[in-house]
Amino acid sequence: MSVSIRRVAVLGAGTMGHGIAEVFAMAGFEVRLMDISDEILKNALSRIRDSLERLGKRGELREGVNSIMARVTTTTNLAAAVSDVDLLVEAVPENAELKRRVFREADEHAPPHAIFASNTSTIPITELSEATNRESRFIGMHFMNPPPLMKLVEVVRGRYTSDETVNTVVQLVKALGKEPVVVSRDVPGFIVNRVLFRVILEACREVNQEGVKVVDLDAMARNVLGLPMGPFELLDYIGLDTSLFIVKSMIERGFKAHPCPLLEDLVNRGRLGVKSAEGFYKYPAPGQYSRPRMMPDQGLDLDPVRLMAPAINELAWLIREGVATVDDVDKAVKLGLNYPWGLSDFADEAGIDNIVDALNNLREVSGWGEYEPDQLLLDYVKSGRLGRRVGRGFRDYPEVEERRLEEIVLRIDPPAAWIVLNKPDKLNTLTPRMADEIVNALRTVEEDPRVRVVVITGSGRAFSAGADVNQFRGASPMQMFKAMRHYHSMTLEIEYYTKPVIAALNGYTLGGGLELAMACDLRIASDDVVIGQPEVNLGLIPGAGGTQRLTRLAGPGVSKEMILMGIQIGARRALEYGVVNRVVPRHTLEYEVRRWVNELASKPPLALMLAKYAINYGAESPIWSALNNEASLFGVAISTKDAQEGVGAFLEKRRPRFTGE
Ligand code: COA
């Protein structure tokens, strides 16, 4: 560190100030904590002591509470607080005039070399720095609440901040045991609040404009996205007045967004969240948090990609404007918001073209300009950087391996292998050759331990529009009998396959396309699919299992309705008939399929295989034979290492580690 920092003043001993003082003291710095009354300071010291004692009990302190406390002194005199410090961290209330006054006065009394840092979340660093004569040694240090527990510190560069000051503060943050991210311009909301409020404001819009239920949206955030809290839970936790203040200041200072009337309304009614025992949810008493209850399957019908798309747009903006790097934005959301993944991971998995579609859709339904896709996203799509699917997006994925065959593409993208039917101009019409290629692709990855699930999907606007009708003209009965063998080999291969196979239906799924899909274990469809067995319209009947598998899936009534009338049905009816398991918006299909893949890949693979066999065999057998088979396979399952691990982990209350043995 070019300026060695030993003595630190923390101005303001409130929620953030006392926590920041505690962090510095724990890391060995001498801290002078200043506020306007002895009462506030006394209270702050006892809160620091309480917090240290809690950390001590959890074994997280390297020394005794008393020796840490001995490094914290207090004063109500600003001049005395800053007279010999190397660094000052300001954490007084979020009032620009007050902050400027404090900095102006501190500037007169602090040594010239001292660095001034503000913990503001809403006021531009440049503006505050102008109240002093040390603009180059002025910086933002934005701690997350509560400072002792949250790892992230946003280090915010004002217009005049020198590189040396940035470097010193970055090193300092590391010395505090925290993780810095550098925000290269003091844009309203920096990184964390910009991303957070993109999600929150979209959540609000869905509730306001579309009548989505608050609790369903939060449940989706937890159950589908895996976030620690939903947007409304988090608002209650932060405090609705505080949140409203932050978002209003951001919007006033140029953050392009529509405010959330729900928030305003609750604040006006005095419902401030956990602190007033009621916000979006009710709590047992003021200040007493209890986690709102949600069902594990709640919110599954809401769209995760649409909720996150505005945040991805923000990521693109932050990068394109040179405010932060992809790595830093990812780090900020993981450490500042406790997201289990970075925004770039999400975008690349969902597909950047799909994010753009979702934003266009949002722009249309809301009429709001802030949903306009950022130029960076459009450039990515144009240059084919579509995400994981193609091996590059916000990041590169050298591990994605692609093999192009005549009529399909085999993409190995662990833990899945994707079989992409690849004759988009012909709507991926099925031929005996394509069937053989599918069988070969399945065999290629069957022994590959990286591959835990196979996904079959189509390129372009169809899954598959059925068997290539050309092959039927003038064909002899014997030729057709033999041709069908290829299709039956394919469907039986899938049913006998030792790994789960998901069909991702991305458009027309007709005739042989539907017969292929029905042989798969699970079917996820985009909301624009068209599904049918239209063979009778050609004077034919389904020949690759349609009369049998559709009947088994949907019952003879539906099967006859669809096959005899040769009708085509949409997604909603397909779901109702049980022909597909799930329907999602087109732009969410890839994300949802990957989510199912990851879910399946987290399970013990041998148990999946045995369960699949028990179901498939049982569907074709009298129940005594089927139950006997199930019992035998149960016996096989119990003989695996994974079964002993799963049972052991449950009884020992730990997470199982499956090895596939
Ligand atoms: N066999 C052979 N070619 C097919 C085909 C099939 N089953 N399905 C689509 N194609 C071809 C079309 O002939 C066309 O080729 P072309 O560009 O050389 O003329 C191309 O794929 C695109 O299809 P098109 O019909 O132009 O698209 P569309 O959007 O107007 O219509 C469908 C889409 C799916 C409604 C229509 O293609 C269709 O009815 N296909 C046949 C479905 C069927 O009966 N399947 C069961 C066969 S047993």
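The following is a dialogue about how terms are applied to this predicted model.

Visitor: Why is the pair of Trp-341 and Phe-346 called tilted?

Guide: The ring centres of Trp-341 and Phe-346 are 5.2 Å apart, and rings pair if their centres lie within 6.5 Å. Their planes stand at 35 degrees; under 30 degrees would count as stacked and over 60 as edge-to-face. The structure holds 13 aromatic pairs.

Visitor: What makes Trp-341 and Phe-346 buried?

Guide: Buried means under 20% relative accessible area. Trp-341 has 14% and Phe-346 has 3%, so both residues are buried. Together with Tyr-339 and Tyr-591 they form one aromatic cluster.

Visitor: Why is the pair of Tyr-380 and Phe-394 called edge-to-face?

Guide: The centres of Tyr-380 and Phe-394 lie 5.2 Å apart, with the planes at 70 degrees. Planes over 60 degrees apart count as edge-to-face, so the name applies to Tyr-380 and Phe-394. The pair links distant parts of the chain: Tyr-380 belongs to helix α17 (residues 375–382), while Phe-394 is in the loop between α17 and β9 (401–404), 14 residues apart. Tyr-380 and Phe-394 are buried.

Visitor: How do you know that Arg-385 lies over the face of Tyr-380?

Guide: Arg-385 is at 4.1 Å from the ring centre of Tyr-380, and the limit for a charge over a ring is 6 Å, with CZ of Arg also within 35 degrees of the ring normal. Arg-385 is assigned to the face of Tyr-380. Arg-134 likewise lies over the face of Phe-116, at 4.1 Å from the ring centre.

Visitor: What makes strand β12 largely enclosed by the rest of the structure?

Guide: In β12 (residues 453–458), 6 of the 6 residues are buried, so the strand is largely enclosed. In a regular strand the side chains alternate between the two faces of the sheet. Val-453, Val-455 and Thr-457 are buried on one side of β12, and Val-454, Ile-456 and Gly-458 on the other.

Visitor: What makes β13 and β18 edge strands?

Guide: They belong to an open sheet of 4 strands, in the order β13-β15-β17-β18, with mixed pairing. Strands β13 (462–464) and β18 (568–569) each pair on one side only, and on that ground they are the edge strands. Strand β17 (residues 530–532) pairs with β18 over 2 bridges, in the antiparallel sense, and the pairing criterion is at least two. Here Ile-531 stands opposite Ile-569 in β18.

Visitor: Why is Ser-243 called buried, but Thr-74 partly exposed?

Guide: The relative accessible area of Ser-243 is 0%, under the 20% cut-off, so Ser-243 is buried. Thr-74 has 34%, which falls between 20% and the 50% above which a residue is exposed, so Thr-74 is partly exposed.

Visitor: Which residues of helix α14 are buried, and what covers them?

Guide: In α14 (residues 326–336), Val-326, Asp-328, Val-329, Asp-330, Ala-332, Val-333 and Gly-336 are buried. Their cover includes β7 (152–157), β8 (179–183), α8 (192–210), α13 (304–320) and α15 (343–350).

Visitor: How do you know that domain 3 and domain 4 are in contact?

Guide: Contact means heavy atoms within 4.5 Å. In this sense 12 residues of domain 3 are in contact with 8 residues of domain 4. The domain assignment places domain 3 at 401–599 and domain 4 at 603–652, and their C-alpha centres lie 27 Å apart.

Methods:
Residues numbered from 1 in each chain as written. Predicted model: local features only at pLDDT ≥ 70, side-chain atom pairs only at ≥ 80, totals over all residues. Heavy atoms only, no water. Phe/Tyr/Trp six-rings, centres within 6.5 Å; stacked < 30°, edge-to-face > 60°. Buried < 20%, exposed > 50% of the residue type's maximum accessible area, 1.4 Å probe, protein only. Domains from an automatic or database assignment.
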